[in-house]
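Please brief me on this protein model. Keep it short and group the points by topic.

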Amino acid sequence: MNWWSPDEATYDFNYLEILAVLFALQSLSDKVSVKHIQLMVDNITAFATINQMGTCHINLNNKLVQQICECCTLHGVCLTAAHIPGKSNTEADRESRLSRKET
């Protein structure tokens with residue numbers, strides 16, 4: 001099942017992984033401030049691009065990370081990413097495929 005809009009679904013999966021981080025931060029923005037958040041991501045490109053604050057060779061991904069940085073700055077959030085191998089990320093992968101109409 002595809003949860004991305006038709007426009008979003010046209011993007012590269014690395015971009016979508018980073019976009020998911022932005023959406024998560026935005027959804028928590030009224031609940032989280034002046035905190036450290038450590039992301040556990042199974043996408044190496046997302047992991048590296050977020051930790052290096054947008055030094056990817058793909059400008060679109062860099063712009064997205066800039067939005068993430070702006071969101072973090074606005075809410076006083078220190079964000080770091082850690083890589084979790086995909087084979088160890090089975091619970092999150094399973095949860096991400098469930099239908100949740102309330103979201």
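Buried residues make up 31% of the 103 residues in the protein. Buried means under 20% relative accessible area, exposed over 50%, and partly exposed in between, with a 1.4 Å probe and protein chains only. This is a predicted model: local features need pLDDT of at least 70, side-chain atom pairs count only at pLDDT 80 or more, and totals for chains, interfaces and linings use all residues. Residues are numbered from 1 along each chain as its sequence is written, and side-chain values use heavy atoms, with hydrogens and water left out.

**Overall layout**
- The protein has four helices and two strands. Helices (H or I, at least four residues) and strands (E, at least two) are DSSP runs, numbered from the N terminus.
- From the N terminus on, the order of elements is α-β-α-α-β-α.
- Of the contacts with a separation of 6 or more, 74% are between residues 24 or more positions apart. Contact means heavy atoms within 4.5 Å.

**Two buried residues**
- N14 is found in helix α1, residues 13–28. N14 counts as buried because its relative accessibility is 12%.
- The side chains of N14 and N43 are joined by a polar contact of 3.0 Å. Such a contact is a pair of N or O atoms within 3.5 Å; within protein, one must be able to donate a hydrogen and the other to accept it, and residues adjacent in sequence count only if both atoms are side-chain atoms.
- Beyond its neighbours within four places in sequence, N14 is in contact with N43, T45 and N61.
- V65 lies in helix α3, residues 59–75. V65 has 1% relative accessibility, so V65 counts as buried.
- V65 and T55 are ten residues apart in sequence, and their C-alpha atoms are 9.2 Å apart in space.

**The cavity**
- A search of the whole structure finds one cavity of 30 Å³ or more. A cavity is a set of points, on a 1 Å grid over the protein atoms alone, where a 1.4 Å probe fits but cannot get out; lining residues have an atom within 4 Å of a point.
- The largest cavity has a volume of about 50 Å³. Grid points are joined across faces, edges and corners, and a volume is the space filled by probe spheres set on the points.
- Its lining includes L25, C71 and H75. Helix α3 gives the largest share of this lining, three residues.

Methods: On a 1 Å grid over the protein atoms alone, a cavity is a set of points where a 1.4 Å probe fits but cannot get out, and a pocket is an open set with protein on both sides within 12 Å along at least five of seven lines; lining residues have an atom within 4 Å of a point.
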